[in-house]
Amino acid sequence: MDFMTAMDISASGLSAQRAQLNVISMNMANIQTTKTADGGPYQRKSVSFEATPVYSPFDQAMHDQLNRNLEGVKVLGVTADRRPYKTVYDPNHPDANDQGYVTYPDINVVEEMTNMMQAMRGYEANVQTIESAKRMFQKALMIGQG
């Protein structure tokens, strides 16, 4: 694997983790949203990832078997979670139904914080990979200079 391939793989990971963090922060911001533009409560969202080849078909033909299986990650999309909503008795709430219940999104703060820590660690790991590749490249340049 060459220097630029390592950077490309890490960059795809950074992009994927940034998308994950954006969706997590959107979920946290809408934890109490009972009415959206669609009319119902906010639906929790999640990000779908997919492995994607780093090399183009031409690059794959030119590299050996060890490098052919290198893959990065790409975001397939953001999907709405189909968890059932939670209902809370609050007859004074403006969005309460006739029985006094308000429908809230089923967003668990602990789960979202855990997902956030996992995404942050993934992001940090990709940053460290880029830093390591840069250091190795700089060392190779120093060796080449004599």
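I searched the whole structure, a predicted model, and found one cavity of 30 Å³ or more. By cavity I mean a set of points, on a 1 Å grid over the protein atoms alone, where a 1.4 Å probe fits but cannot get out. I noted about 50 Å³ of space in the largest cavity, a volume being the space filled by probe spheres set on the points, with grid points joined across faces, edges and corners.

I listed its lining (residues with an atom within 4 Å of a point) as Tyr42, Gln43, Arg44, Asp81, Arg83, Tyr85, Pro105 and Asp106. I sorted that lining into three nonpolar, one polar and four charged residues, where Tyr and Pro count as nonpolar and Asp and Arg as charged.

I then turned to Gln17, which I located in helix α1, residues 3-29; helices are DSSP runs of H or I with at least four residues, and strands are E runs of at least two. I recorded Gln17 as buried because its relative accessible area is 14%, buried meaning under 20% with a 1.4 Å probe and protein chains only. Leaving aside neighbours within four places in sequence, I found Gln17 in contact (heavy atoms within 4.5 Å) with Ala119, Gly122, Tyr123 and Asn126.

For the protein chain, I counted four helices and four strands, and I saw that buried residues make up 26% of its 146 residues.

I number residues from 1 along each chain as its sequence is written, and side-chain values use heavy atoms, without hydrogens and water. Local features need pLDDT of at least 70 and side-chain atom pairs count only at pLDDT 80 or more, whereas totals for chains, interfaces and linings use all residues.

Note on methods:
Buried means under 20% relative accessible area, exposed over 50%, partly exposed in between (1.4 Å probe, protein chains only). On a 1 Å grid over the protein atoms alone, a cavity is a set of points where a 1.4 Å probe fits but cannot get out, and a pocket is an open set with protein on both sides within 12 Å along at least five of seven lines; lining residues have an atom within 4 Å of a point.
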